[in-house]
Amino acid sequence: MIKPGIIWGKHYKQLIDKAKRHQYALPAINITTMDMLNNVLEAASIYKSDIIIQLSYERAQFIAGYGLNKTPLECATIGALMVATHAHLLAKHYGICVVLHTDHANRRLIPWIEQLVNLSDYWYKQHKTPLFSSHMIDLSEEPIDQNIDTCKFWLKRFNSLGIGLEMELGITGGEEDGIGHELNSIKNTDLLYTNPADVLKAYNELNHLGNLSIAASFGNIHGVYKVGNVRLKPTILQDSQRLICQQKNISLSNIVNFVFHGGSGSSRQNIMEAIEYGVFKFNISTDIQFAYSQGIYQETITNNNCSYLHFTRKKILKKMKEVFHLLGSKNQTITSHCS
Ligand SMILES: [Zn+2]
């Protein structure tokens, strides 16, 4: 039995293994406010699903407050520390396991990750746990060798504290909190589809160094999908698994831990297929932000009620119920199942 609360290291690996074995995915929710974090934890607790809470650089800055007389990097570090301490204090009381993660950090934002890992070092000495369970380093815009080399350095550093690394191969379309591309600015749409040979290369060079997960693009877009714009091809994930297993001369299995970015608005069929091919983490941000905003809109504009936080909570609980059901993570928490 794993204790409820923030998990990392071997427990995070166990969670990934269970999700892949039982063919479900964990929702990864981008937090924009502290009450949203509480609502999402509450939903996870009600439906007995473990959950991934993630934070972007821009949101971390916002949470600390743009008015601070500090650099953006300092603000984002303070904001991330606020969210992490809040989550560490609270998560264990909700009876489920929580993975705490930072979202897209490109080359410019690596100093932020460095600050957070240094804080984890300090935090580990005090509390025997890192501050975050994993960090994403997104160098998908750079040549693959450069991407892998930098990830190699950081995965070794992370692993010494039991922190996992999520990397990106290929490009997720759309923009999220200042990172990414508008779809019409991507000249070569082939970049939206990761080459399985790149997954093989990254896996071979990185996987043995720690807890690696890969956001491979198969036509994913951040934000809301425009019908007919791009076609999702989850078979890219299966092709990657097959290529690696063939090279290792083992029977086909989901050897790679895949992450699905831009999950909002995807079809059930594409989601099921992606989970079947090894996706354990499903990033869904836009749909949750909409649920939250609808709660505010209905109460303030439609019902002329300025006390809207109960309604944003209800909207999020309702949306999260659908999400847990869709991803199959309901009742699967590793705190109560020892399979
Ligand atoms: Zn993303």
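Colleague: Let's start with S2: how many of its five residues are buried?
Modeller: First, a friendly caution: this is a predicted model, in which local features need pLDDT of at least 70 and side-chain atom pairs count only at pLDDT 80 or more, while totals for chains, interfaces and linings use all residues. Residues are numbered from 1 along each chain as its sequence is written. Buried means 20 or more other C-beta atoms within 10 Å of a residue's own, exposed means 12 or fewer, and partly exposed lies in between, with C-beta atoms placed from the backbone. S2 is mostly covered, and its buried residues number five of five.

Colleague: Which residues of S2 are on one side, and which are on the other?
Modeller: In a regular strand the side chains alternate between the two faces of the sheet. Both faces of S2 are covered by this count, with Leu26, Ala28 and Asn30 buried on one side, and on the other Pro27 and Ile29.

Colleague: What is the bridge partner of Ala28 in S11?
Modeller: Strands here are DSSP runs of E with at least two residues, helices are runs of H or I with at least four, and both are numbered from the N terminus. Two strands pair if DSSP finds at least two bridges between them. S2 and strand S11 (residues 279-283) run parallel and are joined by three bridges. In S11, Ala28 is partnered by Asn283.

Colleague: What hand does the β-α-β unit of S2, helix H2 and S3 have?
Modeller: A crossover is right-handed if, with the strands pointing away from the viewer, the path from the first strand over the helix to the second runs clockwise. For S2, helix H2 (residues 34-46) and S3, the unit is right-handed.

Colleague: Leaving aside neighbours within four places in sequence, which residues is Ile214 in contact with?
Modeller: Contact means that two C-beta atoms, placed from the backbone, lie within 7 Å. With those neighbours left aside, the partners of Ile214 are Met167, Leu169, Val199, Ala202, Val256, Asn257, Phe258 and Val259.

Colleague: What is the radius of gyration of the protein?
Modeller: The secondary structure comes to 11 helices and 11 strands. Taken over C-alpha atoms, the radius is set against the globule rule, 2.2 Å times the number of residues to the power 0.38. That rule gives 20 Å for 339 residues, so the protein is as compact as a globular protein of that length, with a computed radius of 19 Å.

Colleague: Is Gln23 buried or partly exposed?
Modeller: Gln23 lies in the loop between helix H1 (9-21) and strand S2 (26-30), and its phi is near 55°, a positive value in a residue other than glycine. Most residues other than glycine have a negative phi. Because Gln23 has 14 C-beta neighbours inside 10 Å, it counts as partly exposed.
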